[in-house]
Amino acid sequence: MQHVLVTGAGGYIGSTLVPTLLKEGYRVTAVDRFFFGSDRLQNNSKLACVKEDSRKLSPELFKGVDAVIDLVAISNDPSGELFESATWQINFESRVRTAELAKAAGVKRYILPSSCSIYGFQKGLADETSPTNPLTVYAKANEKAEIGVLGLADESFIVVVMRQATIFGYSPRMRFDLAINGMTFGAYTHKKLPLMRDGTQYRPMLHVQDTSDVMRLLLTASPKSINGHIFNVGSEANTYQLGDLGRKIAKTVGEQLGEEIPIEWYGDPDHRSYRVSFNKIQDTLNWKPKMDAEAGSREIIEKLQSGELDKSTDTITLEWYQELVKWHKIIKDAEMYGGILDI
Ligand SMILES: NC(=O)c1ccc[n+]([C@@H]2O[C@H](COP(=O)([O-])OP(=O)(O)OC[C@H]3O[C@@H](n4cnc5c(N)ncnc54)[C@H](O)[C@@H]3O)[C@@H](O)[C@H]2O)c1
């Protein structure tokens, strides 16, 4: 296995995954529209960046590719609700088409990074055979993509679905719209920890390097153990009720700053709550996560303290897409002869 094509490669997970693969000696083709900037991936002789929309990929792109990791997505619930039709096109249709193009080109392996959010609200412990309960457009599109790509699996085309827990930790394309990251930023900067009501909801968490490591392991795992399978990716140890998680992060940040950080509640009670069994991935790959919430939070604090990281609009996915759409119209209206002032 030598050449991996990664879609959505300039995103939060992609900008940690791509260096991980390069370090392992893979050649990588990074495909993205680079909505969050094209400077998140460092130059490397084994890396080719292709600026393209996932809905328009050409069959030629897949020639000589051994595996595809299809990260591309409008990547959270609020963005999925606001940009509903684009979310169906990108998260569902383009991923199934990408898998079809890959299969037709003779690519051997296709990995779909989906989400545990497709469990929605669950009373018991959900495993991969439990009925799903997708509550949002984002979760429904993920489920349709899972069904679409799994239908393509056969002896010569290995398909595997990862239902990832909510990710946390530092990545070059940073996201502060994810629970642990947002809590850490709020606590560090405003000295108050923002916490979504009512705090009883269960949510599994997973560090961005840990999920990248699972993707790397799935590239070489024996076909028999993974082909046509869905895996929940996360751990019991990193499954939290959000109230408890908030108190842990407040304590971690408080210790770094030498002061007590109070909790500041916001929003209506969040109905998305799920506890998930992670036995299957841990047994199949003999894998355990390396990072927990406190370690992830400390890593972000260090980056904030060093000035390497700050909360700009592009770290909040929904706000950034809204900004891009707004400025697209303003620039189109103001532009003449290919420019604004200089033409
Ligand atoms: N971050 C999480 O907590 C989490 C949890 C579970 C699952 N996931 C899934 O993992 C994947 C990656 O998530 P992420 O956090 O890195 O998201 P992200 O928003 O940071 O990255 C998505 C990337 O896709 C690109 N993109 C979007 N639409 C495109 C298009 N039409 N054509 C080409 N590129 C396009 C964006 O420019 C961006 O770089 C997504 O499928 C997401 O649903 C993420």
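Start by selecting strand E1 (residues 3–7) and strand E2 (residues 27–32): the two run parallel and are joined by five bridges. Helices (H or I, at least four residues) and strands (E, at least two) are DSSP runs, numbered from the N terminus, and two strands pair if DSSP finds at least two bridges between them. This is a predicted model, in which local features need pLDDT of at least 70 and side-chain atom pairs count only at pLDDT 80 or more, while totals for chains, interfaces and linings use all residues. Residues are numbered from 1 along each chain as its sequence is written.

Now click on Thr7, whose bridge partner in E2 is Val31.

Look for Val6, which has Ile69 as its bridge partner in E4. Four of the five residues of E1 are buried, so this strand is largely enclosed by the rest of the structure. A residue is buried if 20 or more other C-beta atoms lie within 10 Å of its own, exposed if 12 or fewer, and partly exposed in between, with C-beta atoms placed from the backbone.

Which order do the seven strands of the open sheet follow? Read across it as E3-E2-E1-E4-E5-E7-E11, with parallel pairing. At the edges are strand E3 (47–51) and strand E11 (229–233), each pairing on one side only. Neighbouring strands are turned by 20° against each other on average, direction ignored.

Next, bring back H1, which packs on this sheet and touches E1, E2, E3 and E4; its direction makes about 165° with that of E2. Then select helix H3 (residues 84–104), which also packs on the sheet, touching E1, E4, E5 and E7, at about 175° to the direction of E4. Contact is counted when the C-beta atoms of two residues, placed from the backbone, lie within 7 Å. Axes are lines fitted to C-alpha atoms, for helices over the stretch in contact, and angles run from 0 to 180 degrees between N-to-C directions.

**Zoom in on E5**

Why is strand E5 (residues 109–115) largely enclosed by the rest of the structure? Seven of its seven residues are buried, so that is how E5 ends up enclosed. In a regular strand the side chains alternate between the two faces of the sheet. Colour Arg109, Ile111, Pro113 and Ser115 for one side of E5, and Tyr110, Leu112 and Ser114 for the other: all are buried.

E5 pairs with strand E4 (residues 67–70) in the parallel sense over three bridges, and Ile111 is the bridge partner of Ile69. Seven bridges join E5 to strand E7 (residues 158–164), again in parallel, and Arg109 stands opposite Ile158.

**Visit the ligand**

Select the ligand and the 28 residues around it; Gly8, Gly11, Phe35, Ala73 and Ser75 come nearest. (Near here asks for a C-beta atom, placed from the backbone, within 6 Å.) E5 and strand E8 (166–168) are the elements that give two or more residues to this shell.

**Finish at the other sheet**

Three strands form an open sheet in the order E8-E10-E12, with mixed pairing. The twist averages 45° from one strand to the next.
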